[in-house]
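The following note sets out comments on the helix packing in this entry. Please read the numbered points alongside the sequence and the coordinates.

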Amino acid sequence: MFSNHPDNQKCIDACVECARACEHCHDACLHEEEVARMVKCIRLDSDCSAMCWTAAAFMSRHSCFEQEICTLCAEICQACADECRQHQMDHCQRCADACDHCAEACRQMVAAHA
């Protein structure tokens, strides 16, 4: 835990966990038999992972844009969760859970700093 950022630590942790889950899901989707039907999921996994790493970095340095970044992060996480929920594979379901958790953590962080 970064002791100098206690207000954001829960959200930073959720973003890092979500980024990891999305990267795992992205890779696992590439190995599915019908990879063509996973294209939207793969793209959202990539977008969500990149946004979560970015949000964690912005919060870690207390950027003046952290609320805007976290608002967008919550939106992307929700889109990724919604897509992953449509697929029954375990990796997609675990990713959707991580995305839902991150989206909520980001919304709570933004509300707490409003």
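1. The axes of H1 and H4 come within 8 Å and cross at roughly 155 degrees, so H1 is roughly antiparallel to H4 (over 145 degrees counts as roughly antiparallel, under 35 as roughly parallel, 65 to 115 as roughly perpendicular and the rest as oblique). Axes are lines fitted to C-alpha atoms, for helices over the stretch in contact, with angles running from 0 to 180 degrees between N-to-C directions. Helices are DSSP runs of H or I with at least four residues, numbered from the N terminus.

2. On provenance, this is a predicted model, in which local features need pLDDT of at least 70 and side-chain atom pairs count only at pLDDT 80 or more, whereas totals for chains, interfaces and linings use all residues. Residues are numbered from 1 along each chain as its sequence is written, and side-chain values use heavy atoms, with hydrogens and water left out.

3. H1 passes H4 in a left-handed crossing (the near helix is turned anticlockwise from the far one by less than a right angle). Residues making the contact (heavy atoms within 4.5 Å) include Cys11, Cys15, Cys18, Cys22 and Cys25 of H1 and Cys92, Cys95, Cys99, Cys102 and Cys106 of H4. By class, this contact of H1 with H4 has 17 nonpolar, four polar and three charged residues; Ala, Val, Leu, Ile, Met, Phe, Trp, Tyr, Cys and Pro count as nonpolar, Asp, Glu, Lys and Arg as charged, and the others, Gly among them, as polar.

4. H1 and H2 pack at an angle of about 155 degrees, with their axes 8 Å apart, which means that H1 is roughly antiparallel to H2. The crossing of H1 past H2 is left-handed. Their contact comprises 18 nonpolar, four polar and three charged residues.

5. For H1 (residues 9-30) and H3 (residues 66-84), the axes come within 12 Å and cross at roughly 40 degrees. H1 passes H3 in a left-handed crossing. The contact is made by Cys11, Cys15, Cys18, Cys22 and Cys25 of H1 together with Cys70, Cys73, Cys77, Cys80 and Cys84 of H3. It has 10 nonpolar residues, with no polar and no charged ones. In general, an α-helix has 3.6 residues a turn, so residues three or four places apart point the same way.

6. H3 has 19 residues and reaches 26 Å from its first C-alpha to its last, close to the 27 Å expected at 1.5 Å a residue (1.5 Å times one less than the number of residues). Among its buried residues are Glu66, Ile69, Ile76 and Glu83 (buried means under 20% relative accessible area, exposed over 50%, partly exposed in between, with a 1.4 Å probe and protein chains only). The cover over the buried residues of H3 includes H1, H2 and H4.

7. H4 (residues 90-112) has 23 residues and reaches 33 Å from first C-alpha to last, close to the 33 Å expected. His91, Met109 and Val110 are among its buried residues, and the buried residues of H4 pack against H1, H2 (39-60) and H3. Glutamate 104, also in H4, is partly exposed, with a relative accessible area of 36%.

8. Phi of histidine 62 is near 50 degrees, a positive value in a residue other than glycine. Most residues other than glycine have a negative phi. Histidine 62 is found in the loop between H2 and H3 and is partly exposed, with a relative accessible area of 39%.

Key. Helix = DSSP H or I, 4+ residues; strand = E, 2+ residues; numbered from the N terminus.
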